[in-house]
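Please walk me through this structure, one part at a time.

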Amino acid sequence: MAQPDQKKFFENLSGAGKAIAVLTSGGDAQGMNAAVRAVVRVGIYIGAKVYFIHEGYQGLVDGGENIEEAKWESVSSMLQVGGTVIGSARCKEFRTHEGRRAAAQNLVLRGITNLCVIGGDGSLTGANLFREEWSGLLDELVQQGKIDRESAEKYSHLNIVGMVGSIDNDFCGTDMTIGTDSALHRIIEVVDAIVTTAQSHQRTFVLEVMGRHCGYLALVSALACGADWMFIPEMPPADGWEEQMCTKLSETRSRGSRLNIIIVAEGAMDRHGQVITSSIVKDLVVKCLGFDTRVTILGHVQRGGTPSAFDRILASRMGVEAVLALLEASADTPACVVSLCGNQAVRLPLMECVQMTQEVQKAMDERRFEEAVRLRGRSFENNLNTYKLLAHRKPQSELPISSFNVAVLNVGAPAAGMNAAVRSAVRVGITEGHKIFAVNDGFEGFAKGQIKEIKWGDVGGWTGQGGSLLGTKRTLPAKHLEKIAEQMKANKINALLVIGGFEAYLGLVELLAARGKYDEFCVPIVMVPATVSNNVPGSDFSIGADTALNAITDTCDRIKQSASGTKRRVFIIETMGGYCGYLASVGGLAAGADAAYIFEEPFDIRDLQSNVEHLTAKMKTSIQRGLVLRNENSNENYTTDFIYQLYSEEGKGVFDCRKNVLGHMQQGGAPSPFDRNFGTKIAAKAMLWISRKLKETYRKDEGRVFANTDDTACLLGMRRRALVFQPVVDLKNETDFVHRIPKEQWWLKLRPLMKILAKYKTSLDVSESGQLEHVVRHRRPEESEGVPA
């Protein structure tokens with residue numbers, strides 16, 4: 001990796017004289033267009049020629065009009081389009097030596113020696129073989145007189161970089177493949193719709209989702225909707241599953257639930273290799289229980305629709321990294337694939353990833369299922385472990401005996417995904433043997449005694465609910481310390497789990513300061529960040545921010561669409577976030593904005609003027625729409641109205657303006673799959689930490705818990721590649737308390753990327769990009785889980 005003092009900047013890299021081709025191959029996946037757009041625009045930005053290859057490898061073999069030079073405007077308005085605009089096709093000819101020779105000729109004739117392939121493992125394996133054969137193919141073309149010796153020497157090696165586009169998330173080496181998050185959105189939209197009709201009629205629904213060889217979609221959607229039962233290829237059910245499943249469904253109904261949801265991956269089977277289909281499951285439930293049962297097979301719906309904000313950002317980041325990798329590649333560099341590890345883009349040797357992906361299939365074929373799960377990687381493994389923790393309620397006799405009471409509360413503004421986190425914490429806490437108490441209305445409710453025990457069944461169906469079912473207030477504990485301490489004593493509370501935003505963080509700081517005066521606060525306390533603003537120090541992500549990003553992205557798509565067919569128009573859109581520019585910046589990247597004004601990056605009238613001039617020049621091309629985002633507290637003088645009026649005046653005769661303040665719609669709505677899953681996993685991890693700390697801090701001689709060290713009041717946050725418990729005391733130095741933001745924010749590094757994609761010349765630090773890493777086969781003990789998705 002580049003050392004911090006050896007800064008490497010994107011603008012110093014030149015693509016002059018280089019030609020890059022981009023193709024999409026295999027099954028389509030939402031977000032592929034965002035990746036193509038990023039490759040094209042970044043390639044052009046650094047001075048390279050960029051070519052589309054239409055219809056995947058078929059277009060590479062056929063040549064002619066299928067290989068077309070791309071212009072900046074060629075990729076305008078494709079960010080929000082699902083599928084792949086440049087087309088994809090299965091290609092038998094490319095599997096033959098003759099087909100690859102024809103493809104090589106087509107590339108050499110255009111001087112293309114850099115190939116960016118977006119597809120699954122089959123597509124990437126084909127690209128690697130093409131690269132290995134390249135010099136031999138050129139020799140044959142010279143002998144046949146189809147190219148001259150000079151061209152063969154000039155284009156003597158082919159650089160290959162892959163990006164994985166696959167809704168199944170079945171490629172080893174990356175936590176997420178492009179398209180997976182969007183497919184989960186389609187599944188969860190269907191589940192949420194089904195929940196309402198199923199509750200009306202007391203029905204059982206069996207949902208069949210894609211995943212012939214990989215159960216990721218089924219697993220994560222089961223987690224995200226709190227399904228009663230799930231079938232995936234990597235975890236065939238034990239013998240006698242039929243009876244166990246029916247018992248579980250009956251128990252759910254007997255506790256007052258009006259519906260059951262069973263999710264089946266299309267490749268599901270039992271331990272003996274017998275296929276388990278949705279119709280088999282339905283017939284079983286009808287025969288054994290007599291429940292009204294319906295089957296829904298989602299099919300290609302999962303591949304369709306608009307890409308989610310996550311997929312657009314992932315694909316854009318991957319596209320930039322892919323161009324970087326091509327620029328830095330040499331004849332000795334192995335073909336690489338750009339992957340996501342936690343919250344970091346990394347490069348891995350393509351064939352190492354392919355080989356491990358094939359090893360997973362081999363392990364499955366040989367019935368070594370635990371090995372297959374481990375090979376799938378930490379993201380899959382952690383999802384599966386969380387599902388096992390939450391899915392099946394153990395009988396009371398099997399639970400560990402604990403005399404501890406744990407309180408759970410929400411603090412701050414509501415955020416989508418809070419309820420999924422509460423459900424997860426409650427159920428994991430009960431599984432650990434604790435009594436769980438729910439506090440209503442945050443610290444204010446705590447002081448008033450709004451606290452009562454909450455049971456397993458009380459949180460059923462909570463994952464899909466937006467807002468905060470416990471109720472949440474911004475009130476800080478400082479004014480109510482004595483009353484809160486009394487309530488903790490009266491209810492014998494031994495630990496606290498606080499789910500919330502910046503107020504929750506401030507609340508922990510105040511409780512920590514009060515430990516010297518009140519022994520009641522000398523208990524393990526942990527915070528899980530949940531706020532749409534994503535402004536909590538110590539975490540790259542907060543529960544609720546992804547849902548807000550999708551709300552912004554969806555609205556921007558609709559607003560841009562409203563201008564189609566009209567004259568040239570620029571939209572000024574105000575986002576939430578307080579002083580934190582996360583939503584404006586990352587939303588701007590996902591929506592294809594031309595500018596995003598934020599507090600963290602001061603701007604003046606000259607910047608505004610420059611942006612107007614930039615848009616005026618853009619509007620004189622074939623592009624007809626402009627999009628400008630402004631964070632609500634970015635500048636007290638340059639208000640949304642001011643910017644709207646400035647743009648309206650300066651754009652006269654070229655474009656007109658409209659403004660839109662998104663407001664609280666960003667806080668509302670059903671949580672996205674990411675937020676449901678992130679909330680579920682992070683809260684489960686927090687509760688397991690509480691269990692561990694309770695055992696460590698219990699004083700037998702005094703018969704009580706006593707925790708007053710810094711490491712017993714922590715914030716659990718996502719940092720780069722891992723979920724980390726950080727003492728709240730240590731985070732104080734990282735916090736700008738006046739503006740309620742962290743002093744350093746990772747996403748600021750994405751801002752230049754948005755500007756480059758909008759055709760601004762800017763500086764982009766790429767010091768962290770570079771060396772190839774290797775696929776990790778065994779997770780190191782100190783490594784925690786990556787970003788859930």
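Two strands count as paired if DSSP finds at least two bridges between them. With that in hand, take Arg 569: its bridge partner in E21 is Asp 656. The model is a predicted one.

Arg 569 belongs to strand E18, which covers residues 569–575. Six bridges join E18 to E21, and the two run parallel. They are part of an open sheet of four strands. Its order is E19-E20-E18-E21, and the pairing is parallel. At the edges are strand E19 (595–597) and strand E21 (656–661). Each of these pairs on one side only. From one strand to the next, the twist averages 20 degrees. A helix packs on this sheet: H20, residues 605–619. Helix H20 touches E18, E19 and strand E20 (625–631). The direction of H20 makes about 160 degrees with that of E20.

Now go to another sheet. Here too four strands form an open sheet with parallel pairing, in the order E7-E8-E6-E9. Strand E7 (229–231) and strand E9 (293–297) are the edge strands, each pairing on one side only. Neighbouring strands are turned against each other by 15 degrees on average, direction ignored. Within this sheet, strand E6 (residues 203–209) pairs with strand E8 (residues 259–265) over seven bridges, in the parallel sense. Leu 207 stands opposite Ile 263 in E8.

Helices pack here as well. H6 lies across E6, E8 and E9 and runs at about 165 degrees to E6. Helix H9 (residues 278–289) touches E6, E7, E8 and E9. The direction of H9 makes about 170 degrees with that of E9.

H6 also has a helix partner. Helix H6 (residues 180–201) packs with helix H7 (residues 216–225) at an angle of about 50 degrees, their axes 10 Å apart. That angle makes H6 oblique to H7. Their crossing is right-handed. Which residues meet? From H6 come Thr 180, Ala 183, Leu 184, Ile 187, Ile 188 and Val 191. They meet Tyr 216, Leu 217, Val 220, Ser 221, Ala 224 and Cys 225 in H7. In this contact, 10 residues are nonpolar, two are polar and none is charged.

The structure holds 36 salt bridges.

Conventions. Residues are numbered from 1 along each chain as its sequence is written. This is a predicted model: local features need pLDDT of at least 70, side-chain atom pairs count only at pLDDT 80 or more; totals for chains, interfaces and linings use all residues. Side-chain values use heavy atoms; hydrogens and water are left out. Axes are lines fitted to C-alpha atoms, for helices over the stretch in contact, and angles run from 0 to 180 degrees between N-to-C directions. Contact means heavy atoms within 4.5 Å. Angles under 35 degrees count as roughly parallel, over 145 as roughly antiparallel, 65 to 115 as roughly perpendicular and the rest as oblique. A crossing is left-handed if the near helix is turned anticlockwise from the far one by less than a right angle, and right-handed if clockwise. Ala, Val, Leu, Ile, Met, Phe, Trp, Tyr, Cys and Pro count as nonpolar, Asp, Glu, Lys and Arg as charged, and the others, Gly among them, as polar. A salt bridge is a side-chain nitrogen of Lys or Arg within 4 Å of a carboxyl oxygen of Asp or Glu.
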